[in-house]
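Colleague: Before I use any of the labels on this structure, I would like to see what each one rests on. Can we go through them in turn?

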Amino acid sequence: MSKVIISPENKKKIIIGTGIGVLVIALLITVFLLVGKDKLMGTPVLTIETPQKISVSETDEFTLDVTISSLGEVIYPAASMSISFDSSRLEFLGVEEGNVFIRSDENEVQQTLPEWSVNPDQCNKTGKINIMYLDTTGGKNAFSKELLAEDDNVVLRLKFRLRGSMRSGDVCDLIFEDAVFASSDETQSLAMTTGTLKVKNGKIVAGE
Amino acid sequence: MKKKVLSLFLAIVMIISAIPLTSIAVEKEYVYLSISFDGRYINDKNNNPIVYLPIELDKIEKVDLTEYGLDNMLYDADGDGEYETTALQLLIYAHEELYGGDWGDVNFDALPGSSYFKGGIFGFTENLMYFHNGDFPVDESQSSDYMTVGATSDRIVLEAGDFLDVASFECFSFLWDSLGGFHFFADEKGNLVHDFEVQAGKTKSVKLMHSFCDLMFGEAYIYGAADYEVYYGKTYGKAEGTLTTDGDGNVDITISKPGTYYLWCYGANGSDDGTHSSCDYLLETGAPCIVSAPAYAKITVGGEDEPSSSRQPQDVSAVLNATMAQLANTVKAPAFGTNAGEWTVFSLARGEYFDKSNAYFTDYYNRIVETVNTTASSINLNGALDKNKSTENSRLIVALSAIGKDATSVGNWNLVDAYSKNGINWIKKQGLNGTIWTLIALDSNNYSTSDSTIRQQCVDSILDARHDDGGWSLVTSKTQPSNVDITCMTLTALYPYRNQPEVAAACAEAIEWLSDSQLATGGFPYGSGETSESCAWAIVALTTWGINPDTDARFIKNGKSAVDNLLTYYVEKDRMFAHQGTESNAMATDQACYALVSYNRFVNGKTALFDYSDVSFGEKEEIVIGKPKASLGMPSEITDDSGATFNATVSIDQWDNAAGYKLIDLIVNIPDGLSVASVTASDRLKSGSVSYNLEAETGKLRIVYFDANNHNNITVSGNSFPAELFTITLKADSAKENDRLSVNIGGMSIKLTSDSSDDNSMIVVDTSKAGGTVNVVKGISYSAVCLYTGDGVDLIPSEKKAVAVAVAGVDNVNKLTYSDGAFTYEFRYSKEISAKTGVSTYVALVNSSIDMTKFVDKKNFTFTQEKAAEITFGDTNGDGVINAQDALSAVDTWLRKTDAPEDDEILSLNVNGDSRINTFDALGIVEKFVDGSEYIVVTKAATLNTSK
């Protein structure tokens, strides 16, 4: 093993470089604190949270959380998502409420949970979960950033049951085909198609 | 034996009473009478002038000449054994009933055909002259080719609509003075006219005629009365202006303010030619005598007065649609009652918010049937829904008729017959409200009544209740001030009876009173303040009478119209209206909503709010569950290419998911030259699977659909009908040019059980119209169908229509351009409709004036090699994905948060294929996304047979 020898000049460079690096990091921390984490965190992410392995002997229903990392500064009167799944091995049973609220009164900012439209029969028939929320008041009952819970941004929960054809070790992917949090100004919408919304797909892994 | 006789008698009475004496309302008939003396109309006993006064013919007929000892004056002109109604009866009636005289004081020579008044009648001292329908009456029975004999009162036969002008003069010189005789107003051809019409600010040319009959020489002359003074004003005798006729008797009149005005002239002196020497009057005064009769006519000045003519009617559709949406969302299941019931249904139906076949209305009707059966049985009063309140029936009839339901057959009851069978006393238990709403209900669908007089009894009762100020109120004292709401309801109820002179006069005054009552806010008073309800009813009444409440000068005060005022009560955050102030109120919202519906219908040229002549009452037959109809949609042409395919779609016009249907089967007759490539079930059909087989020998395609494994009920998703059930893909194996291939459904049934002995086990579907013919053509051919035409209400202009053109004989998707010399359009290729029909189909939004035949004419189309632009219904932003952004776009477009859509946007937004873009389209996009439902516009394109 050869010995590394640092010359006095190199030692000086290392000290200066380290100093600059520390300053840059300090500057970033300052900016982070001053500007706010949301802007620096970048594109919102819609995620299907992958659960622990599900036992193939499990016959009860189970749920997967769908979370949103953040929302923009505008309101979103509509939202939808399309998620493909293997309906021969999973039975989709519907959605359960999450923790992401919508306004229910424009003036008092009362909040309520959105009523998602979904048709499980159709989803199992097509192998695609299509879910939509539409505020027909034109924005009065919309999603907005201030209604997001601090640490629990569960938009909704997908409810499944394993079919008998599921075998231990099988993996069922849950893949976002499309998702959008729609604003009346489409340039402000968060959409997969425009890259303004990122997605993280989920999966269900069958265990013993 | 007595009992048997009595039973027989009672049976006969019951049978007779059960025979419906149904008939339509009998309208009164009138004759018109003017009476003048020395050139001025005389007054009746109430000091009102007897000038063109309508008198019921029926009342004249009842004057029995024999009771007056005038048996010899009875006149049977046509020898049919029936005596005619004559002017003598009219004069007797007028003398006693109008003038207030006693016939016994009249000195009358009762000589048939030569009768003569020697004095006493109407206080006159001399004989009478007659002018009948603008001419001197002739006694045909006494006249010959050589001699014309004037008719005396006993020989002037009166008929409905006749006008008799009676004149008397102090001086007898009218008989020979060339200026003597009658005057009358006439049109430019010299024909007698009593009612002129002109628009405010426009000039009307009127002719004043003079008719002179020279009794000395037996000659009659009619000519324009030159240089004669004509007066006009709102009240006879109170001139607002004077005009002088020209040398031909013409006078031009221009009135700037709308309203009812009168024209008149007085009788004039005779010529001072010394022929009056025998006249005592002349001798005493030294002045010529009056020798001619006055004339009179009404002139209705319509439209707007000049200062407000620039005001354009405002568009209230955004507020109206928001209000209707709120009502529909709030009142999800309307039921019998004032609140959340009939008024909401009425507003949404007349506002055309839902189709008549929408479940909102059909479910309401089903609830109503139950309520009526229970309530009417409980009340047990000939279909009455309340012992004292006839308005319970009226309100329900108004709502049911608005959704195309016949109120004479609701469950087990006839709601209309309650009026006739319970009579006017039951109706009047609610005072004026009862009679008003009875008329509105009866006339909504022109319902027949077993008592043919019931309408007129209501009209007479309403007229009797009129207040001295010209309006009406629920207070019986006529000297009390009238109430705007009740007056406006009355005006609305009386509109169908406006041909009755008393009604016309009363309503004209009431409209003036209403104008006078309007406040500086544009609203109308209620007590010491004003309410939105009063304003709402003013708008309903005015639009019913053809008066624009937003632009008519009579109803603009301080620059504010009635419509302006009503909109001030709109509470935007609630999408409702306030009664007063800013607090939303359900009843105020109901009334404001139908007032805006009324106004919107008026400005769009539709029938009035309570005029349901636009409602199809035949629809009820089509939506009765148990008699479904099938249809077969397919293109009208295919090419002669071997192997060409097209689709035939089987649809049904109704489905009851609660009925428990287990199986559908049908037989489709397939002609030689076609084979079946596939049969698929629609996504809307749930639970089962489809099987089929084409029997080659007979050409019969048998299709069956059921759940073979679990025997679940078959259901159809969605609410729109017709609903597509199956798509049959047909292949032209050996079709040749000019072949006509007829495909039809030979039979179809829906089965509930397997028990064939049960009469209720099966529903036979009406397939009588489920068929069509496909023509085989060479090369490219075109067929077209109109998908919808805009109605100008919600974002689709009325001059636009969507057209789908199916092009047979093309495999590629090239650009298709239409150009007929006047219009040019690039059509968009529709993958969805093409897949549905099996034929390449393009759509475009075009000018609605273009005849559909132009879209099947080859020479109007050009294909170019470029790829055609495509249209994807529901993909409003064209990003290739249908999602929440598109649904939101439909909502925002309807809310007018975005610019009015361009043609392509309209095509992609209007997914339900009606005449408007609204929240239904947004919901259509949601349903497509979530349920996989097919857009109605696509179904429509495929299920309508295209035509050449």
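Modeller: A residue is called buried if 20 or more other C-beta atoms lie within 10 Å of its own. The model is a predicted one, and in helix H5 of chain B the residues that count as buried are B:Ser317, B:Val319, B:Leu320, B:Asn321, B:Ala322, B:Thr323, B:Met324, B:Ala325 and B:Leu327.

Colleague: What makes B:Met324 buried?

Modeller: B:Met324 has 24 other C-beta atoms within 10 Å. The cut-off is 20 or more, so B:Met324 is buried. Leaving aside residues up to four places away in sequence, B:Met324 touches B:Ser347, B:Leu348, B:Gly351, B:Tyr353 and B:Cys593. B:Cys593 is 269 residues from B:Met324 in sequence, yet their C-alpha atoms are 7.1 Å apart.

Colleague: Which elements do the buried residues of H5(B) pack against?

Modeller: Their partners in chain B are helices H6 (342-350), H15 (562-567), H16 (586-603) and H21, together with strands E21 (570-571) and E22 (576-577).

Colleague: How do you know that the span of H5(B) is close to the expected one?

Modeller: H5(B) has 14 residues, and 1.5 Å a residue gives an expected 20 Å. From first C-alpha to last, H5(B) reaches 19 Å.

Colleague: Why is B:Gly771 called partly exposed?

Modeller: B:Gly771 has 19 other C-beta atoms within 10 Å. Buried needs 20 or more and exposed needs 12 or fewer, so B:Gly771 is partly exposed. B:Gly771 lies in strand E35 (residues 771-777) of chain B. Beyond four places in sequence, B:Gly771 touches B:Leu632, B:Ser742, B:Val743, B:Asn744 and B:Ile745. The C-alpha atom of B:Ala630, 141 residues away along the chain, is 9.3 Å from that of B:Gly771.

Colleague: Which residues of H11(B) are buried, and what puts them on the same side?

Modeller: In H11 (residues 454-464) of chain B, the buried residues are B:Ile454, B:Arg455, B:Cys458, B:Val459 and B:Ile462. They cover an arc of only 145° around the axis, and therefore lie on the same side of H11(B). An α-helix has 3.6 residues a turn, so residues three or four places apart point the same way. The buried residues of H11(B) pack against H9 (417-427), H10 (432-444), H12 (484-494) and H13 (501-517) of chain B.

Colleague: Is the crossing of H10(B) and H12(B) left-handed or right-handed?

Modeller: The crossing is left-handed. The two helices pack at an angle of about 35°, with their axes 8 Å apart. B:Leu432, B:Ile436, B:Leu439 and B:Ile440 of H10(B) meet B:Ile486, B:Met489, B:Thr490, B:Thr492 and B:Ala493 of H12(B). By class, that contact has seven nonpolar, two polar and no charged residues.

Colleague: How many residues does each chain give to the contact between chains A and B?

Modeller: Chain B gives 20 residues and chain A gives 23 residues. On the side of chain B, helices H19 (884-894) and H21 (919-931) are the elements that give two or more residues. That side divides into ten nonpolar, five polar and five charged residues.

Colleague: What are the totals for chain B and chain A?

Modeller: Chain B has 22 helices and 41 strands, and 46% of its 948 residues are buried. Chain A has three helices and 15 strands, with 32% of its 208 residues counted as buried.

Technical notes: Residues numbered from 1 in each chain as written. Chains lettered and ligands numbered in written order. Predicted model: local features only at pLDDT ≥ 70, side-chain atom pairs only at ≥ 80, totals over all residues. Contact = placed C-beta atoms within 7 Å. Helix = DSSP H or I, 4+ residues; strand = E, 2+ residues; numbered from the N terminus. Nonpolar A, V, L, I, M, F, W, Y, C, P; charged D, E, K, R; others polar. Expected span 1.5 Å × (residues − 1). Arc of directions from axis to C-beta. Axes fitted to C-alpha atoms, helices over the stretch in contact; angles between N-to-C directions. Left-handed = near helix turned anticlockwise from the far one by under 90°.
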